[in-house]
Every structure is written in structure tokens, then in C-alpha cells.
Amino acid sequence: MKFDYHMHFEYGSYDLDWVRGFFDSAKTRGIDEIGISEHSHGFIEFKELYYDELILDDSIVGQYQQKWLKKNKFKYSLDDYFNFMNSLKEKGYPVKTGIEICNFKNQAKIKEIINKYDFDYIIGSVHFLKGWGYDFSDIKQVWQEHSLADIYHWYAQEIENLCESGLYDVLGHPFNIRLFKNLPDFSVDSVLVRVAKALKKANMAIDINTGTLYRYPIAEISPYPDFLKIAREYDLPIITSSDAHQPEDCGRYIDKAVEYAKEYGYEGSLIFTHRRAEFKKF
């Protein structure tokens, strides 16, 4: 069986005409079920967290992020989202309701928000390092201002914080800090093990994500082989995903993700219902 559990409707709107294309693409690619994991920045409930925790000063990063927060953000409430997703389920569409939440420091506030809703699964993803959106291609020159060793340490620390909160089911696109080809010329094995141990303790799965294969210069599936090998050694379960933002990308390269996972001994992935995980063979 094949699943795609990390994608977003946010470039369109909550109407059937827009989202039908995702299901059409899934069917064409033989995907049995999809999961929608809208970004937390799409919802008004999370707005205060972004303004509290991101760099928003007069620096290059701050100016860019001020503009980013005003573009296609906080359009809906979580009630709007659930009403729409429930309508899809009632119509018989094979879909689960997830969310992808950024790595905020204020995990108590996250808990307060998500506990009001019956998500099928929750992805936690590291999108910011010390308030800087490291995956913004328009300001990727900022990478040169930081030590890569520090970046790996910061990234691992953010994952540990997500794990310690106990709020998440899956780590999104692990180690996509490689996305602009800023690759270490030193060993990061201790960081990889550190992350795997934290995820194991938190009983979290990892996201075999093809978005970094077709959307970024690194052109590889996340996580990269060094971490996937360690993840398998720690028996971390997986989900497979395309990280689609457009209908035509739903299910994109899921076959490659499955074959990649099999190379490291994985025989299947997780699916979720009401935060309960179930293993399904490929």
C-alpha cells in the first residue's frame, strides 16, 4: 500500500474544485490514502506565536520575515479547516486530517491550541533556528553568517525540544538543513545519533519526504542516507510523503520514497487515525 501524509492545500482555498486535483493525482499514482498537514502559519490561532518568536527587526532576516508573515498567512481558523476536512471525509475521500507545526519555544501554547481538536496526526518540523527561517531561498546568503557546526547543533536542539514536549507524532523532513547544499566537511554522526535517540524516546516517526528531491537544490529525499541508516538502527517508524503544495505534486516520487526506505530494511509505513498509529506494509 502507498500513502502520502505530508502535503498542503494552502496555495488554493478550501473548496472542492481546488482540492479534487490532489485526489486525482493520488489516484493516478496509486496512492491509497493521503493526509493533509496544513502549515500552522495558515491558521489565526498560531499568529501570536510567529510574531513572538521570529526575528522581525531591521536586519535582512527580520525585514524578509515581516513581509513573509503578511503573505497568504493566517487565512483560516482551525474550525474552518476541520469543517472542510470533515466534509471531504463524509464525501468518501480517502483523507486524514493532520497539521505541520513549526518548532516554537512556547510548547504550552501549542498544547492549548491542539488539544481542542481531533487531529489524526501531528507533524513537528524545524523551520526556524533562533528565529531565522533557514529554508527561505530569497535570503539564503544568511547561511554564510553562521558556523555550520553551530547550525547542526541548533537543529538537533530544536528537535530535542519538540520531542520533549510529547505533542508530536512525526518529525517532518529530517535534516533538510542540507537543502541549499551547505554540507559539512566534518563528522556529524554524534548529532544524528542524538536526534535518533530523542525521537526514539518520544515514540515519534520520521518523514520520508520527497519534497527536497524536486523542490530544492539538494535534489535528494529527506532524510539523507546517513540519518536514515541510523534511524533504522533505532527502529524509528516512518511515513512517506511528497510535501505537495500543488495538486499535480500529490504522490510525486512516493514510489522512490518506498524503494529508498526498503533499501534500509523498512517493510512499511505508519498511517494514523485519531492520533493512533497503525503499521501498513508497502
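This is a predicted model: local features need pLDDT of at least 70, side-chain atom pairs count only at pLDDT 80 or more; totals for chains, interfaces and linings use all residues.
Residues are numbered from 1 along each chain as its sequence is written, and side-chain values use heavy atoms, with hydrogens and water left out. Helices (H or I, at least four residues) and strands (E, at least two) are DSSP runs, numbered from the N terminus.

**Strand β8 and its partner**

- Strand β8 is joined by six bridges to β9 (residues 276-281), and the two run antiparallel; strands count as paired if DSSP finds at least two bridges between them.
- Within this pairing, I271 stands opposite E278 in β9.
- The hairpin of β8 and β9 has two residues between the strands, and H274 takes a positive phi there, near 50 degrees.

**Helix α10**

- In α10, which spans residues 254-263, the buried residues are I254, A257, V258, Y260 and A261.
- Seen down the helix axis, these buried residues fall within an arc of 165 degrees, so they line one face of α10; the arc is that of the directions from the axis to the C-beta atoms.
- The buried residues of α10 pack against β1 (3-4), β6 (205-209), α9 (225-233) and β7 (238-241), where contact means heavy atoms within 4.5 Å.
- After α10 comes G265, whose phi is positive, near 95 degrees.

**Pockets**

- The largest pocket has a volume of about 720 Å³; a pocket is an open set of points on a 1 Å grid over the protein atoms alone, where a 1.4 Å probe fits, with protein on both sides within 12 Å along at least five of seven lines, and lining residues have an atom within 4 Å of a point.
- Of the 28 residues that line the largest pocket, Y11, W68, F136, R215 and Y216 lie nearest its centre.
- Two or more residues of that lining come from each of α3 (60-68), β3 (95-102) and α8 (211-214).
- The second largest pocket has a volume of about 210 Å³, and among its 16 lining residues R232, D235, L236, P237 and Y266 are the closest to its centre.
- Strand β8 gives the largest share of the lining of the second largest pocket, three residues.

Note on methods. Buried means under 20% relative accessible area, exposed over 50%, partly exposed in between (1.4 Å probe, protein chains only). Grid points are joined across faces, edges and corners, and a volume is the space filled by probe spheres set on the points.
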